[in-house]
Amino acid sequence: MKLEGKTIAILIAPRGTEQPEFAQPKAAVEAAGGKVTVIGLQAGEAETFNNDLDPGARFTVDKVIDDVAASEFDGLVIPGGCVGADTLRGSHKVVAFVRDFFAASKPVAAICHAPWTLIEADQLRGRTLTSFPTLKTDIENAGGSWVDREVVVDQGLVTSRDPNDLPAFCAKLVEAFGEGKHAVQAENA
């Protein structure tokens with residue numbers, strides 16, 4: 001699928017987003033012809049990590065969460081990283097931004113610990129998804145069905161477990177963004 005003419009938002013925490021879970025989906029969207037906007041909680045650069053411990057690369061934030069709306073984008077990527085995902089779900093503005101993608105039936109891709117943000121946005125009831133295994137109980141308590149698979153697609157929501165799943169995750173998120181809006185996506189919004 002080609003993504004020419006599509007603009008995809010990707011979230012990044014000031015510190016702690018998992019580098020490969022940020023960089024590889026970003027590169028996949030760009031390789032498919034899409035434009036990526038990096039959205040952070042604050043202006044400047046964000047520091048990623050590898051395996052939640054080792055410092056990774058720094059990435060420039062294109063826009064801060066205060067200055068964007070879901071209506072500006074065709075899809076959303078939420079990378080993981082335990083610290084980064086926890087920081088993102090703690091932002092009311094990020095949670096509202098995520099919720100707005102579901103309300104507009106736009107595709108969302110979340111990997112590893114990123115479903116924590118989906119839980120905060122109350123978007124998992126009746127959905128089947130995967131994540132880092134330690135989120136299983138959180139997802140089930142939020143009304144979702146957790147499965148242990150490389151990638152799961154449920155009505156415009158693409159999820160994967162960890163960096164090992166990135167090839168499948170990136171392929172499916174490009175496909176979902178290419179397909180566009182999903183009618184059922186808004187049922188939980």
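Me: In strand β12, which residue is the bridge partner of Val-153?

Reply: The partner of Val-153 in β12 is Val-158. Before we go on, remember that this is a predicted model, in which local features need pLDDT of at least 70 and side-chain atom pairs count only at pLDDT 80 or more, while totals for chains, interfaces and linings use all residues. Residues are numbered from 1 along each chain as its sequence is written, and side-chain values use heavy atoms, with hydrogens and water left out.

Me: How should I read the pairing around β12, and which strands does it pair with in the parallel and the antiparallel sense?

Reply: Strands of a sheet pair through backbone hydrogen bonds, either parallel or antiparallel. Strands here are DSSP E runs of at least two residues, helices are H or I runs of at least four, and both are numbered from the N terminus; two strands pair if DSSP finds at least two bridges between them. Strand β11 (residues 151–154) pairs with β12 in the antiparallel sense over four bridges, whereas strand β8 (residues 108–111) pairs with β12 in the parallel sense, also over four bridges. β11 and β12 form a hairpin with two residues between them, and Gln-155 in the turn has a positive phi of about 50 degrees.

Me: In what order do the strands of the open sheet stand?

Reply: Seven strands form the open sheet, in the order β6-β3-β1-β7-β8-β12-β11, with mixed pairing. β6 (63–64) and β11 stand at the edges with a single partner strand each, so one side of each has no neighbour in the sheet. Further in, β1 (residues 7–12) and β7 (residues 75–78) pair in the parallel sense over three bridges, and Ile-10 has Val-77 as its bridge partner in β7.

Me: Which helix packs on this sheet, and which strands does it touch?

Reply: Helix α6 (residues 166–179) packs on the sheet and touches β1, β7, β8, β11 and β12, its direction making about 170 degrees with that of β8. For such angles, axes are lines fitted to C-alpha atoms, for helices over the stretch in contact, and the values run from 0 to 180 degrees between N-to-C directions. Among the buried residues of α6 are Leu-166, Phe-169, Leu-173 and Phe-177, and what covers the buried residues of this helix includes α1 (19–31) as well as β1, β7, β8, β11 and β12. Just after α6, Gly-180 takes a positive phi of about 85 degrees.

Me: Which residues is Thr-37 in contact with, apart from its neighbours within four places in sequence?

Reply: Thr-37 is in contact (heavy atoms within 4.5 Å) with Thr-7, Ile-8, Ala-9, Ile-10, Asp-62, Lys-63 and Phe-73. Thr-37 is found in strand β3 (residues 35–40), and because its relative accessibility is 4%, Thr-37 counts as buried.

Me: How many salt bridges does the structure hold?

Reply: Side chains of opposite charge can pair when their charged atoms come close. A salt bridge is a side-chain nitrogen of Lys or Arg within 4 Å of a carboxyl oxygen of Asp or Glu, and the structure holds 11 of them. In one of these, Glu-72 joins Lys-63, with the closest N and O atoms 3.5 Å apart; Glu-72 is partly exposed at 38%, and Lys-63 is partly exposed at 35%. Another salt bridge joins Asp-154 and Arg-127 (4.0 Å, N to O). That pair links distant parts of the chain, with Asp-154 in strand β11 and Arg-127 in the loop between α4 (115–120) and β9 (128–129), 27 residues apart. Both Asp-154 and Arg-127 are buried.

Me: What share of the residues in the protein is buried?

Reply: Buried residues make up 53% of the 189 residues, in a protein with six helices and 12 strands. Its C-alpha trace spans about 40 × 35 × 30 Å along the principal axes.

Conventions:
Buried < 20%, exposed > 50% of the residue type's maximum accessible area, 1.4 Å probe, protein only.
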